[in-house]
Amino acid sequence: MCTWARSASAPGVPVDVDQWKWSCGFYPGCDPGEFSDGTAPDFFTARRQFEAAWRELSAGKTEADYQEWRDQRDRTAQKYAAWAQGEKPSPPSSMMRCVCGVRFDSHKPAESYDHRAHIYAARAEGRR
Ligand SMILES: [Zn+2]
């Protein structure tokens, strides 16, 4: 949700810049303009700034916003759990089965032209 990062851990960050970076916001549920971030020379200052930002942000948020974020988190968790069990996301397929029983590639006009006529005719007759 809200995140913390210590920029000092990044290689090449000079020691005389603020060592603590914070950011506040969550997605989905927040508009891009509602995100805030900042840096501070020490953890306690960063934490104070972060808490102030969070209070400001959360004051304008509704339960529905948090629910949106939770739903997205749950969907993502389910997706990864399915992948972990060896389930692969199915690639979008252009293959269709015609009412006449033939499988054809709907992205290939030459293949699909005749079957399109079959399908439209079947729909017009009220069967599928
Ligand atoms: Zn057909």
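Me: Which residues does A53 touch, not counting residues up to four places away in sequence?
Reply: A53 touches C24 and S36. Two residues are in contact if their C-beta atoms, placed from the backbone, lie within 7 Å. Residues are numbered from 1 along each chain as its sequence is written.

Me: How do you know what to trust in this model?
Reply: This is a predicted model: local features need pLDDT of at least 70, side-chain atom pairs count only at pLDDT 80 or more, and totals for chains, interfaces and linings use all residues. pLDDT is the predictor's confidence in each residue, from 0 to 100. The chain has a mean of 83, and 85% of its residues reach 70 or more. Confidence is lowest in strand β1 (residues 3–5), with a mean of 52. Helix α1 (residues 43–59) is highest, at 92.

Me: What makes a run a helix or a strand?
Reply: Both are DSSP runs, numbered from the N terminus: helices are H or I with at least four residues, strands E with at least two. The chain has three helices and five strands. Their order is β-β-β-α-α-β-β-α.

Me: What makes the bond between Y27 and P28 stand out?
Reply: The peptide bond there is cis, with omega about -5°. Most peptide bonds are trans. P28 sits in the loop between β2 (20–24) and β3 (36–40).
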